[in-house]
Amino acid sequence: MTQDSQLDLWEVFIQSKAGSHHVHAGSVHASDRQMALHNARDIYTRRNEGSSIWVVPANHITASTAEEADMLFDPANDKIYRHPTFYVMPEGAKQI
């Protein structure tokens, strides 16, 4: 049996400018959150591309599976109020 010698895996999310969404940029290995933050900065924002970085331990992320899609997402299709297609976007509105 092979022993895993890599440090803990962290997922990295970058905010490109203040007020925008954080977007998944990739992953880094680190022993703690401070090291993960520094590694993420060094790897994903070398040219000042971001204004904020989030690092999250990969083992703390829970994701749905393809088999759960019907249960999780189909019930919303019959609730038209969740899909504001009737709403006119105000001019100049951002991040809505």
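1. Salt bridges. A search of the whole structure, which is a predicted model, finds one salt bridge, that is, a side-chain nitrogen of Lys or Arg within 4 Å of a carboxyl oxygen of Asp or Glu. The partners are aspartate 42 and arginine 41, whose closest N and O atoms are 2.9 Å apart. Aspartate 42 is partly exposed, because its relative accessible area is 41%. Arginine 41 also counts as partly exposed, at 39% relative accessibility. Here buried means under 20% relative accessible area, exposed means over 50%, and partly exposed lies in between (1.4 Å probe, protein chains only).

2. Basis of the model. Local features need pLDDT of at least 70 and side-chain atom pairs count only at pLDDT 80 or more, whereas totals for chains, interfaces and linings use all residues. Side-chain values use heavy atoms, with hydrogens and water left out, and residues are numbered from 1 along each chain as its sequence is written.

3. Elements. The chain has two helices and three strands, in the order β-β-α-β-α from the N terminus. Helices (H or I, at least four residues) and strands (E, at least two) are DSSP runs, numbered from the N terminus.

4. The sheet. The three strands form an open, antiparallel sheet in the order E2-E1-E3. Strand E2 (22-30) and strand E3 (52-57) are the edge strands, each pairing on one side only. On average, neighbouring strands are turned by 30 degrees against each other, direction ignored. Strand E1 (residues 8-15) is joined to E2 by eight bridges; two strands pair if DSSP finds at least two bridges between them. Isoleucine 14 has valine 23 in E2 as its bridge partner.

5. Helix on sheet. Helix H1 (residues 33-44) packs on the sheet and touches E1, E2 and E3. The direction of H1 makes about 120 degrees with that of E2. Contact means heavy atoms within 4.5 Å; axes are lines fitted to C-alpha atoms, for helices over the stretch in contact, and angles run from 0 to 180 degrees between N-to-C directions.

6. Surface patch. Met71, Leu72 and Phe73 make a nonpolar surface patch of about 330 Å². Patch residues have over 30% relative accessible area and no salt bridge; like charges are joined within 9 Å, nonpolar side chains (Val, Leu, Ile, Met, Phe, Trp, Tyr) within 5 Å. Leucine 72 is found in helix H2 (residues 69-73) and is partly exposed, at 42% relative accessibility.

7. Burial. Of the 96 residues in the chain, 16% are buried.

Technical notes. Areas by Shrake-Rupley, 256 points an atom, 1.4 Å probe, with all protein chains shown as cover.
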